[in-house]
2 protein chains.
Amino acid sequence: MINNKISIVGNGNVGSHLIQAFDDNGIEITHVFSTSATIEDFSSLKSDVQIVHSVSELPANQLVLLCVPDDKIQSLVAQLDKSTPVAYTSGSVDLASFDRKNVGVFYPLQTFTKGKNLNIFEVPFFIESKDEAFAKQLFNLAWKLSRKVEYANSATRKKLHLAAVFVNNFTNHINHIAKKYLDANELEYQLLLPLLQETTQKLLEKTPFEAQTGPAKRKDYSIIEKHVEALKGTDQEIYRVITQSILNTYQND
Amino acid sequence: MINNKISIVGNGNVGSHLIQAFDDNGIEITHVFSTSATIEDFSSLKSDVQIVHSVSELPANQLVLLCVPDDKIQSLVAQLDKSTPVAYTSGSVDLASFDRKNVGVFYPLQTFTKGKNLNIFEVPFFIESKDEAFAKQLFNLAWKLSRKVEYANSATRKKLHLAAVFVNNFTNHINHIAKKYLDANELEYQLLLPLLQETTQKLLEKTPFEAQTGPAKRKDYSIIEKHVEALKGTDQEIYRVITQSILNTYQND
């Protein structure tokens, strides 16, 4: 079903990274379906990429990998020839939503930014398909890019995605609140970047339970009260509820 | 007031790092007041450190740097000879709480872990004292360790500390919740570490406002609802309030 030729739908954050990674690892990208891509985007690749603007222009006999937002997946799959093997990169879309067998999941647990390099070899990929042989082929394909490939059913994948929302989306927004607060007080957010880096570094060596410090950890209610007073609206609410959660976590210390 | 000899009180996360950094940069640590330190802790230093167990054993004519929890600072300062210059490393303790002039702030905006190296040269230090000459001396002392030294009054320092609570303490706890959730579902938290690293890496290049992705950013209410259902108690509350804050932040997109 899968040979060394692939079509990709989408040239955004995920698509652009996977196109590069496949090309780097000897898999030919023959077609990219994208409304915004230009041939210059692929000029450094070994693959001879043809840009297409409709699903009907994709070869029916090779894998189509959908690197598109969740809400586009269903209709794209429906437009493909029933015989065409197709996989998608979403953390959330349930495999049970499709009534064909040759559909699979190729989920990289990472945040991709177009134009920003990262080490794909370290990215965990999660694979799923109702067709065992197809799942195995997707597994082998991911294995050409990464050394962290696992099978995971839709329920497991959703759990990983939920945890990823905390680790990526929420961490990022917490930093947005810190920056907004410093901006409002005419202080530089840049000053906090070494702290952010060290916070993450520490988590490579210690569990977050062990690494916790700060006023809530040491039950310093007088500081907590002053911080709450200094904040407003949702920011204050977030301060309160995370602080309460830290207090609960260490209540027996 | 400050020559090249210093006494340090505390050999914990902050103290142990500053002792090493001073020693590396040609400042002699003559005395360390610590109840837990042993002479082996300082055997690799160029400084010939004497461990003492009471404030009265510290030389009266050189700087004493207090690397101790906030609630210990007031009483330690009170025990020191009125002529002894003293500084503390806290982000929160107000300089106005002291009725002597030769007291100052030497606040490193970083999370230190005893035994874990970091690049002190990148750590921002914030300096304050009512005595201008003493402030300048503390500034010069910090400048021997780091290239990011600034004067900051107590109000500014508290704001930086509040932002640091978000960036460090809250980021860490958010990761604790993700780990707890994965542990409960028998999934590996380690799988999320490349994502966490990339999340932080991205913030060195983009603002958190630009870097935001995920279901709340793209207003994917069906996923949000499923995530909320999958969580309980304070974890659910944290998911809700941060999601609401992201929705508010991008409401006009």
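**The interface of chains A and B**

Between chain A and chain B about 8200 Å² is buried, 69% of it given by carbon and sulfur atoms, where buried area is the accessible area (1.4 Å probe) that two parts lose on being put together, summed over both. A:Phe166, A:Val167 and A:Leu191 supply 8% of the area that chain A buries against chain B, more than any other three residues. This is a predicted model, in which local features need pLDDT of at least 70 and side-chain atom pairs count only at pLDDT 80 or more, while totals for chains, interfaces and linings use all residues. Residues are numbered from 1 along each chain as its sequence is written, and side-chain values use heavy atoms, with hydrogens and water left out.

The structure holds 19 salt bridges over all chains, a salt bridge being a side-chain nitrogen of Lys or Arg within 4 Å of a carboxyl oxygen of Asp or Glu; across the interface of chain A and chain B there are 4. One of the salt bridges pairs A:Lys116 with B:Glu198, with the closest N and O atoms 3.0 Å apart. Because A:Lys116 lies in the loop between β6 and β7 (125–129) of chain A and B:Glu198 in helix α5 (residues 193–203) of chain B, the pair joins two chains. A:Lys116, at 9% relative accessibility, counts as buried, and B:Glu198 counts as buried at 7%, buried meaning under 20% relative accessible area (1.4 Å probe, protein chains only).

B:Arg218 forms a salt bridge with A:Asp70, their closest N and O atoms being 3.5 Å apart, and A:Asp70, B:Arg218 and B:Asp220 are linked in a network of salt bridges.

Definitions and conventions
Chains are lettered from A and ligands numbered from 1 in the order in which they are written. Helices (H or I, at least four residues) and strands (E, at least two) are DSSP runs, numbered from the N terminus. Buried means under 20% relative accessible area, exposed over 50%, partly exposed in between (1.4 Å probe, protein chains only).
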